[in-house]
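Thanks, everyone. I'll take you through one model this morning. Have a look at it first, and then I'll start with the strands.

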Amino acid sequence: MSNPAISTKEEKPEEQKENQSSWKDFVYNPRTGEFMGRTASSWALIFLFYLVFYGFLAGMFSLTMWVMLQTLDEYTPKYRDRVSNPGLVIRPRLMDIVFNRTDPLKYGKYVQNLETFLKQYNDMDQEKNELCLAGQFFEQDDQAEKKVCQFKRSLLRQCSGLSDTNFGYAEGQPCVLVKMNRIIGLKPEGDPYINCTAKREAALQMQYFPSEGRFDKMYFPYYGKKAHEKYVQPLVAVKLLLTKEDYNTEINVECKVEGTNLRNNDDRDKFLGRVTFKVKVIE
Ligand SMILES: *[C@@H]1O[C@H](CO)[C@@H](O)[C@H](O)[C@H]1NC(C)=O
Ligand SMILES: *[C@@H]1O[C@H](CO)[C@@H](O)[C@H](O)[C@H]1NC(C)=O
């Protein structure tokens with residue numbers, strides 16, 4: 001069989017040789033001293049150009065960064081979206097509070113979480129802070145060092161972890177702590193308090209500490225991490241008074257901040273002024 005492809009192949013080797021030598025010449029051409037098609041001085045100029053070019057860009061970047069940073073204030077954030085509506089969060093940090101009340105291994109993590117969180121509220125430490133006037137904002141715009149109003153954990157009574165070191169978890173009536181996220185300069189109108197409800201037909205009895213679940217005005221405004229270093233947020237403890245009939249079923253509880261101008265029913269943000277969590281006590 002005669003194959004036309006073979007006959008053309010016979011002519012190829014020479015072509016390849018030529019190609020190879022021109023490729024070699026391209027990499028380094030001994031006659032002209034060119035490397036990759038350029039002489040050493042041409043390459044040097046190119047490197048110099050890019051060095052100056054990128055050096056200039058880096059300089060511009062640093063300069064604009066520096067100018068921007070000069071406009072920032074260490075004490076308050078420059079951009080804040082509509083000062084004022086804090087989210088609510090709970091402790092223990094988990095949204096599902098499910099435990100076997102007769103098994104300390106099961107509720108231990110919740111108790112541990114609460115105990116760790118409340119350390120900063122120890123009465124001994126809080127006594128170093130100010131005794132502020134209840135029911136009034138503690139404004140200190142003119143002071144450089146902002147003082148802190150004391151919030152002793154003993155205010156949380158049965159949920160303080162002092163009289164009942166299990167925070168009610170062993171008796172099947174667990175405590176949950178609710179706090180508002182810090183917002184610099186926030187001064188809530190009215191008298192904010194926490195109201196929790198079980199999302200079911202029958203009402204669920206709850207106990208609030210401090211009484212009526214109030215956040216006192218004295219803990220506002222907050223002046224920011226730097227100026228108000230030792231600030232502690234006020235807390236509201238909610239003790240869910242579950243009974244035997246409530247055990248072994250999942251209960252959804254929603255807590256909202258009420259009695260104030262703070263928003264608590266935003267459709268898009270379900271943590272704005274409210275928080276929902278699940279509780280299930282197993283026996
Ligand atoms: C709860 O814990 C106790 C003690 O560990 C155990 O006897 C019991 O079976 C547990 N209950 C359930 C529903 O797991
Ligand atoms: C708490 O919320 C429930 C349900 O929205 C409402 O019926 C109840 O009156 C509220 N309690 C207080 C003290 O505001």
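This is a predicted model: local features need pLDDT of at least 70, side-chain atom pairs count only at pLDDT 80 or more; totals for chains, interfaces and linings use all residues.

Now the wider sheet. Which order do its strands take? The order is β3-β5-β8-β7. That is an open sheet of four strands, with antiparallel pairing. β3 (88-91) and β7 (206-209) are the edge strands, and each pairs on one side only. From one strand to the next, the twist averages 25°.

Step back to the whole protein. It has five helices and ten strands. Of its 283 residues, 24% are buried. Take the contacts with a separation of 6 or more: 72% of them come from residues 24 or more positions apart.

Next, the core. In soluble globular proteins, nonpolar side chains tend to be buried together. Here the largest nonpolar core has 44 residues. Val178, Ile194, Val236, Ala237, Val238 and Cys255 have the most contacts inside it. Several elements give two or more residues to this core, among them α4 (104-118), β6 (193-198) and β9 (251-258). β5, β7 and β8 are also on that list.

Look at Ile194. What does it touch, leaving out residues up to four places away in sequence? Val178, Tyr208, Gly213, Val236, Val238, Cys255 and Val257.

On to β4, which also gives two or more residues to the core. In a regular strand the side chains alternate between the two faces of the sheet. The pairing of β4 with β10 is parallel, over five bridges. Phe99 has Val281 as its bridge partner in β10.

Asn100 comes up again at the ligand. Which residues surround ligand 1? Asn100, Thr102, Asp103 and Ile282. By class, that shell holds one nonpolar, two polar and one charged residue.

Now the loops. Start between β3 and β4, where we find Pro92. The bond from Arg91 to Pro92 is a cis peptide, with omega near 0°. A cis bond also runs from Phe220 to Pro221, with omega near -5°. Pro221 is in the loop between β7 and β8.

That loop between β7 and β8 also holds Glu212. Glu212 is not a glycine, yet its phi is positive, about 65°. Buried or exposed? Glu212 is exposed, because 12 other C-beta atoms lie within 10 Å, and the limit for exposed is 12 or fewer. Asn248, in the loop between β8 and β9, is another non-glycine with a positive phi of about 65°. Asn248 counts as exposed because it has 10 C-beta neighbours inside 10 Å.

Last, Gly190, in the loop between β5 and β6. Gly190 has 11 C-beta neighbours inside 10 Å, so it counts as exposed. In sequence, Gly190 and Gly259 are 69 residues apart. In space, C-alpha to C-alpha, they are 6.0 Å apart. Setting aside neighbours within four places in sequence, Gly190 is in contact with Gly259, Thr260 and Asn261.

That's the tour. Thank you.

How values were computed. Residues are numbered from 1 along each chain as its sequence is written. Chains are lettered from A and ligands numbered from 1 in the order in which they are written. A residue is near a molecule or strand if its C-beta atom, placed from the backbone, lies within 6 Å of it. Ala, Val, Leu, Ile, Met, Phe, Trp, Tyr, Cys and Pro count as nonpolar, Asp, Glu, Lys and Arg as charged, and the others, Gly among them, as polar. Two strands pair if DSSP finds at least two bridges between them. Axes are lines fitted to C-alpha atoms, for helices over the stretch in contact, and angles run from 0 to 180 degrees between N-to-C directions. A nonpolar core is a set of buried Ala, Val, Leu, Ile, Met, Phe, Trp, Tyr and Cys residues joined through C-beta atoms within 7 Å. A residue is buried if 20 or more other C-beta atoms lie within 10 Å of its own, exposed if 12 or fewer, and partly exposed in between; C-beta atoms are placed from the backbone. Two residues are in contact if their C-beta atoms, placed from the backbone, lie within 7 Å.
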